[in-house]
Amino acid sequence: MRVSEIMTTQVKTVSPSDTIQKAAEIMKRIDCGSVPVMDNDRAVGMVTDRDIRGRFPSQVLYDKIGRDGQCQDGCPGSCQYHGRSSS
């Protein structure tokens, strides 16, 4: 079996200037543990859910974001956990 037979082809990415919140939101929304970091068309790294949890041991940032990308607190406006409007 080759990698091409099992790989994800519609890859979601982040840029080096994106927030950690955005990366966590993407991972939760698409139910994956890592996101490639792209600078223009060049892969420059990976960020993983483990990277995020390692820097935020309480996991408040990661756990507040549901699979739908919305704050689990049901924030009506700008959410402090993922830095964007949840409406």
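## Hairpin of β1 and β2

In this predicted model, N40 adopts a positive phi near 60° in the hairpin of β1 and β2, where 2 residues sit between the strands. Strands here are DSSP runs of E with at least two residues, helices are runs of H or I with at least four residues, and both are numbered from the N terminus. Strand β1 covers residues 34-39 and strand β2 residues 42-48; their pairing is antiparallel, over 6 bridges (two strands pair if DSSP finds at least two bridges between them). D39 has R42 of β2 opposite it.

Residue numbers start from 1 along each chain as its sequence is written. Local features need pLDDT of at least 70 and side-chain atom pairs count only at pLDDT 80 or more, while totals for chains, interfaces and linings use all residues; side-chain values use heavy atoms, with hydrogens and water left out.

G33 belongs to the loop between α1 (20-30) and β1. Its relative accessible area is 31%, so G33 is partly exposed (buried is under 20%, exposed over 50%, partly exposed in between, with a 1.4 Å probe and protein chains only).

Beyond its neighbours within four places in sequence, G33 is in contact with M27, V47, T48 and D49 (contact: heavy atoms within 4.5 Å). With T48, the C-alpha to C-alpha distance is 5.6 Å at a sequence separation of 15 residues.

## Largest pocket

The largest pocket has a volume of about 170 Å³. A pocket is an open set of points on a 1 Å grid over the protein atoms alone, where a 1.4 Å probe fits, with protein on both sides within 12 Å along at least five of seven lines; lining residues have an atom within 4 Å of a point. Grid points are joined across faces, edges and corners, and the volume is the space filled by probe spheres set on the points.

The lining consists of T8, Q10, V11, K12, I30, C32, S34, V35, P36 and M46. β1 supplies the largest share, 3 residues. By class, the lining has 6 nonpolar, 3 polar and 1 charged residues (nonpolar: Ala, Val, Leu, Ile, Met, Phe, Trp, Tyr, Cys and Pro; charged: Asp, Glu, Lys and Arg; polar: the others, Gly among them).

## Salt bridges

The structure contains 2 salt bridges (a side-chain nitrogen of Lys or Arg within 4 Å of a carboxyl oxygen of Asp or Glu). K22 pairs with D18, the closest N and O atoms being 3.6 Å apart. K22 is partly exposed at 36% relative accessibility, and D18 is partly exposed at 26%.

R29 forms a salt bridge with E25, with 3.3 Å between the closest N and O atoms. R29 and E25 both lie in helix α1, 4 residues apart, about one turn of the helix. R29 is partly exposed at 39%, whereas E25 is buried at 7%.
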